[in-house]
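Me: I am new to this structure and would like to learn how to read it. Please take me through it one feature at a time.

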Amino acid sequence: MNLPLFIGLRYTRARRRNHFISFISTTSMAGVALGVWALITVMSVMNGFHADLRERILFVVSHVTISGQGGQLRDWRGVSRRAAEHSQVRAQAPFILGQGMLTRGGATAGVLIRGISPEREREVSQVLEHITEGGAALVPGEFEIILGATLARSLGVFVGDKVTLVAPKGRVTPAGFLPRLKRFRVKGLFQIDMHQYDSGIALVHIEDAAKLFLPGGGGESSPRRVSGLRLKLADVDSAPRVRRDLAGALGGGYAVRDWSMEHANFFRALEIEKRVVFIVLLLIIAVAAFNIVSTLVMAVTDKQADIAILRTLGMSPAGVMRVFVVQGVFIGVAGTIIGGALGVLTALNIETIIPALENFFNTELFPVDVYVITDFPAQMRWSDVSRVIGAALAMSFLATLYPAWRASRVEPAEALRYE
C-alpha cells in the first residue's frame, strides 16, 4: 500500500490520546452525513411537489391555447385543421370563456365560466375525470353547470340545486344597463385539490355559454365564433416549441400560448426556491467541513513528533501532506456515504414515513386546509443525488488542504527540540 495512504488510514483508526479530537472527528462525520441526508431528502420532496403541482395544473390548463383578437376566434374549424397538421398535436377542443357571478340565496361568488364540449374536453384535459358527485354529461339547452367542490361549499349548493349566473355582458334599456341573468342546475362537482381551480371555475356546455357571452353566434352549431382552441400534445414538454411553430404557421391575428407561459412566474418561483434551499442546506455540509479543518489542525499539532520522525526518515513534505489529506477525506467520504444512503432510503419511503410520524405524534404535519396538496410526494433524481455527493466530497477535500499544508511545513528539529 502507498505509504501516505497507509499512515493516513492508520491515524484514522488509531485510538487517540486526545479524546476531544476523536469527538470533533465524529461530529464532523455526523455533520456531513446529516447535511447530505437532509439535502437529498428535501430536493426529492421539492421535485415531487413540483411534478405533482404541474400534473394538477395540467388537469385543467391545456398544453397549448389558440385564441383570437378581442377574445373571439373566428372560423375556428379552419384554424383547427391547420393546427392538426403539426405532428405533436393529438387532440383539440373549442371553448368559450367568460366571467360572471354565481348567486344562491345570500351567497355570491365570482367565477370563471368555461363553455366546453364534454366529448372533446375529455380529450384535452382531465378535469371531467375528477367528478366527485353527479355527472359530466352536459346537455345543450338544459343549462346545466359543473362546479368546483370548494365553490359549491361556499355557495351552499349540492347536485340538483339551482344557481343564478350573472353575466356582465347585458343589454342597455331605458332604465339603464341590465346584466344577463340565467338559472343553471348543478349537474356535478369536481375536485382537483387545488384551491385556485376548485373555488374559481365552473363548466357549462359550449352552446349555453355562447347564448350568454356571444349572442348571435359561437358554439358547435355556429362554427364562426368561439373564444379559442385548446390543444393536447404528445409531449407536454415540447409545448414552447409547438407554440412557436403554430404562431409562425398561423401568422398574425392569433394569440398562441402554452401552459408554461400561463404559469411562468409560479414555476420560476419554484425553481428559485429549490436553488435557495439547496444553497442553505449546503451550508450544513460547509459547517461540517469547517469541523474537519479543526480536527486536522489539532491532529497536526498532536502528531508533530510523528511528522518530524517521518521527515527524518526521508518522507517528503508532499508525502506528509498526503497523510493528512487521506485522514480528512476519510471523514468526508464516510459521512457522505452514510448520509447518501440515509437520504436515498428516506426519499424512496417518504410517503409512508410522514403518515407514520403523524400517527405516532397524533398530529397533522401538513394540514389540508393550509397546503396546496393533500399528500406528500417525493421524486428522487439520481442527478440530484450525484450533485449533492459531489459537493460534499469536494468541500471535504478542500477542508483538508490547509491543515495538510501546515503539516508539511513542520521542521523536524523544532518539533523534536523538547522531546
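Reply: Start where helix H12 ends: the residue after it is Asn362, whose phi is positive, near 55°. Keep in mind throughout that this is a predicted model.

Me: How many residues does H12 have, and how far apart are its end C-alpha atoms?

Reply: H12 covers residues 317-361, which is 45 residues. A straight helix would reach 66 Å at 1.5 Å a residue, but the end C-alpha atoms of H12 are only 56 Å apart.

Me: Where does H12 bend?

Reply: At Ile350, by about 75°.

Me: What does the secondary structure of the protein come to?

Reply: It comes to 14 helices and 12 strands. The protein has 419 residues, and 47% of them count as buried. Contacts can also be sorted by separation in sequence: among those between residues at least 6 apart, 79% join residues at least 24 apart.

Me: What is the mean pLDDT of the protein?

Reply: The mean is 83, and 88% of the residues reach 70 or more. The pLDDT is below 50 over residues 218-223, a stretch that has 20 contacts in the model beyond near neighbours in sequence.

Me: Which residues touch the most other members of the largest nonpolar core?

Reply: The general idea comes first. In soluble globular proteins, nonpolar side chains tend to be buried together. Here the largest nonpolar core has 65 residues, and the members that touch the most others are Ile66, Leu102, Ile145 and Leu147. Take Ile145 as a case: leaving out residues up to four places away in sequence, its contacts include Leu102, Ile113, Leu138, Val163 and Phe184. Arg185 and Lys187 are also among the residues that Ile145 touches. Another core, of 22 residues, lies apart from the largest one, and its members include Ile40, Val344, Ala392 and Ala399.

Me: How should I read the strands?

Reply: In a regular strand the side chains alternate between the two faces of the sheet. For a case here, look at strand S11, residues 228-233, which is mostly covered: 5 of its 6 residues are buried.

Me: In what sense do strand S1 and S11 pair, and over how many bridges?

Reply: S1 (residues 64-68) pairs with S11 in the antiparallel sense, over 4 bridges. In this pairing Ile66 stands opposite Leu229, and Ile66 was named above among the core residues that touch the most other members. S11 also pairs with strand S3 (residues 89-104), in the antiparallel sense over 6 bridges. Two places to look at are Ala91, whose bridge partner in S11 is Lys232, and Val89, which stands opposite Leu233.

Me: How many bridges join S3 to strand S4?

Reply: There are 10, and S3 and S4 (residues 107-116) run antiparallel. Gly100 has Val111 in S4 as its bridge partner. The two strands form a hairpin with 2 residues between them, and Gly105 in the turn has a positive phi of about 65°.

Me: Where is Asp75 found, and what is its phi?

Reply: Asp75 is in the loop between strand S2 (73-74) and helix H3 (76-83). Its phi is near 55°, a positive value in a residue other than glycine. Phe143 is also not a glycine and has a positive phi of about 50°; it sits in the loop between strand S5 (131-134) and S6 (144-148).

How values were computed: Residues are numbered from 1 along each chain as its sequence is written. This is a predicted model: local features need pLDDT of at least 70, side-chain atom pairs count only at pLDDT 80 or more; totals for chains, interfaces and linings use all residues. Side-chain values use heavy atoms; hydrogens and water are left out. A nonpolar core is a set of buried Ala, Val, Leu, Ile, Met, Phe, Trp, Tyr and Cys residues joined through side-chain atoms within 4.5 Å. Buried means under 20% relative accessible area, exposed over 50%, partly exposed in between (1.4 Å probe, protein chains only). Contact means heavy atoms within 4.5 Å. The expected span of a helix is 1.5 Å times one less than its number of residues. The bend at a residue is the angle between axes fitted to the seven residues ending there and the seven starting there. Two strands pair if DSSP finds at least two bridges between them. pLDDT is the predictor's confidence in each residue, from 0 to 100.
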